[in-house]
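Thanks for coming. I will go through one protein model, and I will keep it short.

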Amino acid sequence: MRIALSLLLAILLALPAAGLGVYGGANSYRLMGSDTQGLLADFQRGYDWTGGVFQDLDFGEHVALRGAFQVTSRNSWQESAGAVREDLNLRSYDFPLDLLLRNSRRHGAFVSLGAALHVPQKATYCEATRDRDTSICVEQDLLDEIVQREVTFSLGAGLEFGSGFLWLRYNMGLENIFRRNDEGLDYTSEVLSAVIGLRF
C-alpha cells in the first residue's frame with residue numbers, strides 16, 4: 001500500500017494539472033482455458049472494482065494519448081464436481097497506455113486502442129466445499145505461482161461530456177497468467193471494465 005501511495009504522489013507532483021484526472025468503476029473478469037484440446041474449462045465471470053489516476057496528452061482536437069496508474073481487484077470462479085466452488089482473486093497495480101481517437105476534445109464519442117502492464121500484488125485461490133448449509137473455504141496464496149508481470153491488449157469506446165467521461169474497455173491477456181503450465185494450468189485473462197472519469 002505504501003508503494004501505491006508513493007507512486008500516486010509522484011504522479012500528482014510530476015504531471016501538469018491540464019489533462020490530469022481520476023476514474024473509477026467496476027469490472028467483469030474471467031479466466032479462459034487456452035489449451036488446444038479443450039480440456040480446461042473456462043472460469044465464470046466475477047465482478048469487482050478498479051480505480052486510478054490518468055494524464056491525457058492531446059495532439060490537436062481528435063487525437064490524445066492517455067497514460068494511467070490504476071489499482072484493480074479481479075475475481076473469477078468455477079464449480080467443479082462435488083459442489084466445490086473455486087475462486088481466484090487478484091489485485092494488481094496497472095500501467096495502461098491508450099491512444100484515443102475522438103469526435104472532438106471533451107465532447108462526443110471516442111474509441112481507444114492500447115495495452116497495459118499489470119503487476120500483481122495479491123493472488124489467492126479459495127476452494128469452498130459445501131457442508132450442509134454452510135461453506136468452508138480453504139484459501140491459498142498464489143502470488144509465487146502467477147506471472148510477475150502480465151501484459152494485456154485493450155480496445156475501448158466512450159463518451160466525453162465536458163470534464164467527465166464514461167469509458168468501456170475490453171482487455172485481453174496475451175500470455176498464460178501462471179508461470180508454469182506443466183500441471184495443465186494454461187489460462188489467459190479477459191477483463192471488461194466500465195469506469196466514470198473526471199478531468200481536472
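Which strand is the place of L117? L117 sits in strand 5. What you see is a predicted model, so please keep that in mind for everything that follows.

Let me step back to the whole chain. The protein chain has 1 helix and 9 strands. The chain has 200 residues, and 42% of them count as buried. If we take contacts between residues at least 6 apart in sequence, 64% of these join residues at least 24 apart. The accessible surface is about 10800 Å², and carbon and sulfur atoms account for 61% of that.

Now back to L117, and to the surface around it. L117 is partly exposed, at a relative accessible area of 32%. L117 belongs to a nonpolar patch on the surface, together with F95, L113, V151, F153, L155, M172 and L174. Together these residues have about 630 Å² of accessible area. Strand 5, residues 107-131, and strand 7, residues 150-161, each contribute at least two residues to the patch. Strand 7 gives the largest share, with 3 residues.

Next, the charged side chains. How many salt bridges does the structure hold? There are 11. I will show three of them.

One is R85 with D87, where the closest N and O atoms are 3.0 Å apart. R85 is partly exposed, with a relative accessible area of 31%, whereas D87 counts as buried at 13%.

Another pairs E160 with R102, at 3.8 Å from N to O. E160 is in strand 7 and R102 is in strand 4, residues 84-104, so this pair ties together parts that lie 58 residues apart in sequence. Are E160 and R102 buried or exposed? Both are buried.

E160 also meets R199 in a salt bridge, at 2.9 Å from N to O. R199 lies in strand 9, residues 187-199, and E160 in strand 7, so here the parts tied together are 39 residues apart in sequence. R199 counts as buried at 5% relative accessibility, and E160 is buried with a relative accessible area of 3%. Through shared partners, salt bridges join D56, D58, R66, R102, E160 and R199 into one network.

To recap: a nonpolar patch on the surface that includes L117, and a salt-bridge network that includes E160. That is all from me.

Technical notes:
Residues are numbered from 1 along each chain as its sequence is written. This is a predicted model: local features need pLDDT of at least 70, side-chain atom pairs count only at pLDDT 80 or more; totals for chains, interfaces and linings use all residues. Side-chain values use heavy atoms; hydrogens and water are left out. Helices (H or I, at least four residues) and strands (E, at least two) are DSSP runs, numbered from the N terminus. Buried means under 20% relative accessible area, exposed over 50%, partly exposed in between (1.4 Å probe, protein chains only). Contact means heavy atoms within 4.5 Å. Accessible areas come from the Shrake-Rupley method with a 1.4 Å probe; for residues, only the protein chains shown count as cover. Patches are made of residues with over 30% relative accessible area and no salt bridge: like charges are joined within 9 Å, nonpolar side chains (Val, Leu, Ile, Met, Phe, Trp, Tyr) within 5 Å. A salt bridge is a side-chain nitrogen of Lys or Arg within 4 Å of a carboxyl oxygen of Asp or Glu.
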